[in-house]
Amino acid sequence: MSDETKNNNPSLSVNEGVEQNNAINRKGLERFKNKGSSLSLDEYVDGIKSGNRTILSRAITLIESTKTEHRELAQDIIEQCLPDTGNSIRLGITGVPGVGKSTFIESLGNHIIDQGNKLAVLAIDPSSTRTKGSILGDKTRMETLATNDNAFIRPSPTGGSLGGVARKTRETIYLCEAAGFDTIFIETVGVGQSETTVHSMVDFFLLLMLAGAGDELQGIKRGIMEMADAIAINKVDEASEKAVNQAVREYKNALHLYPETKSGWSPKVTTCSALTDQGISEIWEMVQEYMQQTKENGYFEDNRNRQAKHWMYDTISNRLTEHFYDNPAVKKKQQQIEQQVLNGEISSFKAAQKLLDLYFRKMEN
Ligand SMILES: Nc1nc2c(ncn2[C@@H]2O[C@H](COP(=O)(O)OP(=O)(O)O)[C@@H](O)[C@H]2O)c(=O)[nH]1
Ligand SMILES: [Mg+2]
């Protein structure tokens, strides 16, 4: 998308980030901080299972920590919470920045909370930092959710590779489920690889689009459309009926070109306004219809199993990679060997082998 197009289409502009609102009990957190206490494994597990948001937040912080002892404790917590996980609807929400994801989450989130659900909102944004802009840093867009006792909003983990960020979010899903959140939304930036990652951890994948701006203009790759269980054309309140109808037609046609999925579900195209709540309850009905259908035909469970297997291998790859780059011998030589590749002195393969040799030799000692 050219800068010019971007500027001419205000709805596609990227929002400036604001400071995070964790929607957590700050007083409680301060108390814990002041005490400087560390909780025992049982205290964590009991706290989470009783729905204590402060303890949930602290456990997520352990997941996100770079300290080995924190991570190990986090793994033990997850393990003990496992029997209480899985009973949720996991919904992935994507679309280009500015399409209205956060506003949509506020609208749909309030709708489902009104129906008695408990919602956790997580995010995957490998580019985010805690202080700078983040996709969940929209206090104004999620104003009511952020202060609702039945909603828990946690910004994207920061730092590290997409794989690392994804693993932390996956682990966080478990803890949120154990804490009684029956619906999990995962927002993603909508600008590349993170969609595939989110798709691999949700039951239903929703793509938000706009009318009157072709999908190429919106920077949505074909592969992402192909993963969508539904496309919702947002901001219909400000688009002409003609443009909306045309967009619906075009996306329906595009979706029909894809091979049928194993879920037996044919992806839907729908319209909404996150601002006026138009079409929002219909989207929730659609998600529930999907759940019912895929639970009946067995796809839901198959898919969850496939995902669990995928996470296992993904975690292995991810941890191995981290371990490799953390290795002092590798760290020491990495720059130099990379430079040799750039200078054309050795091939990429030889360079990789050199570093791997250093790593494995170190391992043997
Ligand atoms: N008119 C209109 N504006 C919307 C709608 N949804 C979101 N917006 C606006 O679009 C801008 C970007 O929304 P935001 O939720 O931050 O998008 P995100 O970057 O995808 O999370 C904000 O100014 C919203 O108020 C909608 O349905 N109608
Ligand atoms: Mg947003």
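Modeller: What follows is about one helix, H8, and its packing with other helices.

The model is predicted, and local features are described only where pLDDT is at least 70, side-chain atom pairs count only at pLDDT 80 or more, and totals for chains, interfaces and linings use all residues. Residues are numbered from 1 along each chain as its sequence is written, while chains are lettered from A and ligands numbered from 1 in the order in which they are written.

Helix H8 covers residues 162-178, and its name follows the DSSP runs, in which helices (H or I, at least four residues) and strands (E, at least two) are numbered from the N terminus. We can start with helix H13 (residues 299-326), whose axis comes within 10 Å of that of H8 and crosses it at roughly 135°; axes here are lines fitted to C-alpha atoms, for helices over the stretch in contact, with angles from 0 to 180 degrees between N-to-C directions. H8 and H13 are therefore oblique to each other, since under 35 degrees counts as roughly parallel, over 145 as roughly antiparallel, 65 to 115 as roughly perpendicular and the rest as oblique. H8 passes H13 in a left-handed crossing (the near helix is turned anticlockwise from the far one by less than a right angle, whereas clockwise would be right-handed). From H8, the residues that make this contact (C-beta atoms, placed from the backbone, within 7 Å) are Gly163, Gly164, Arg167 and Arg170, and from H13 they are Trp311, Asp314, Thr315, Asn318 and Glu322. By class, this contact holds 1 nonpolar, 4 polar and 4 charged residues, where Ala, Val, Leu, Ile, Met, Phe, Trp, Tyr, Cys and Pro count as nonpolar, Asp, Glu, Lys and Arg as charged, and the others, Gly among them, as polar.

We can now turn to helix H5 (residues 68-81), whose axis comes within 10 Å of the axis of H8, with a crossing at roughly 45°. H5 and H8 are therefore oblique to each other, and their crossing is left-handed. Here H5 contributes Ala74, Ile78 and Cys81 to the contact, while H8 contributes Glu171, Tyr174, Leu175 and Ala178. The contact of H5 with H8 has 6 nonpolar residues, no polar residues and 1 charged residue.

Put together, H8 meets H13 through residues that include Gly163 and Arg170, and meets H5 through residues that include Glu171 and Ala178.

Note on methods
Contact = placed C-beta atoms within 7 Å.
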